[in-house]
Amino acid sequence: MTRIHALVNQKGGVGKTTTAINLGAYLAYLGQRVLIVDLDPQANATSCLGVDKRAVQFSTYDALLSGDVPAASILFNERLKLSLLPSSPALAGAEIELVEESSREFRLRNALQTLDAKYDYILIDCPPSLGLLTVNGLVASRDGVLIPVQCEYLALEGLGLITQTIERVRSVLFPELRVRGVILTMFDPRTNLSSDVVKEVNNHFPGQVFNSIVPRSIRLAEAPSYGLPISAYAPTSVGAKAYEALAKELLNSDEKES
Ligand SMILES: Nc1ncnc2c1ncn2[C@@H]1O[C@H](COP(=O)(O)OP(=O)(O)OP(=O)(O)O)[C@@H](O)[C@H]1O
Ligand SMILES: [Mg+2]
């Protein structure tokens, strides 16, 4: 069975895309068949993996509108052994176009169902909003949502909003929706603030926070400009070690569960 997780946080710049790409890359490195779905019209995951969004022919947009993911729309990176369903500028119009469509919240879930058994993990990179695209990501998150939280001032601010949205989707659309885990990002060991956030988030989501914490790392911020995940750009950096540890933590816990 494919495990499907959306990376969700309506706050911008908290590390959703960085986590989708690098967690995905390490899961692939560890032998898993991984598909990254870029559900953000900004197409950051697409560019972070070195794909020019203007040259994309079939994208998440087509999957949402047609309910299908043709094999030709998936780009496979031989070197990274990583698959990508890219985003394209057209995705920006999808929220409005889908409003008129039937079962508009289930479009992505239904489209991904056509891929069943082809992948071990599907990671969906959501935009920084809680609109229809993110709702599609939540409804498709069969195995729970991953919530990246940046270790900074007011980190908890806004988490209530995600929790409420998850509750709402659970009660109206998808009763089994759950939080798979919270991932702390951009941790700075030199500040008390970062450690305070770690404590606060653990209090807020008891037992749901991954032990692997991603530190702030220049290398992680540089890698996208080379179109590479950290596993290929700077595999010995602290950021790489953190994402490798996170991938192993997720895998181990999934193996225990099954
Ligand atoms: N651990 C880290 N250390 C240093 N820089 C980071 C780290 N994680 C992410 N960044 C940088 O911070 C910025 C925001 O990260 P990212 O794009 O992953 O966030 P996002 O939540 O996907 O943003 P958006 O909401 O716009 O989609 C990027 O420039 C990224 O390279
Ligand atoms: Mg992003």
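Hi everyone! About 200 Å³ of space lies in the second largest pocket. A pocket here is an open set of points on a 1 Å grid over the protein atoms alone, where a 1.4 Å probe fits, with protein on both sides within 12 Å along at least five of seven lines; lining residues have an atom within 4 Å of a point. The volume is the space filled by probe spheres set on the points, joined across faces, edges and corners.

A word on the source: this is a predicted model, where local features need pLDDT of at least 70 and side-chain atom pairs count only at pLDDT 80 or more, while totals for chains, interfaces and linings use all residues. Residues are numbered from 1 along each chain as its sequence is written, chains are lettered from A and ligands numbered from 1 in the order written, and side-chain values use heavy atoms, leaving out hydrogens and water.

Back to our pocket. Its lining includes R104, E105 and L132, and α7 (159-172) gives the most, with four residues. Helices like that are DSSP runs (H or I, at least four residues), numbered from the N terminus.

Let's look at the ligand's oxygen atoms. One is 2.5 Å from an N or O atom in the T18 side chain, and one is 2.8 Å from such an atom in the K16 side chain.

Conventions
A polar contact is a pair of N or O atoms within 3.5 Å; within protein, one must be able to donate a hydrogen and the other to accept it, and residues adjacent in sequence count only if both atoms are side-chain atoms. Helices (H or I, at least four residues) and strands (E, at least two) are DSSP runs, numbered from the N terminus.
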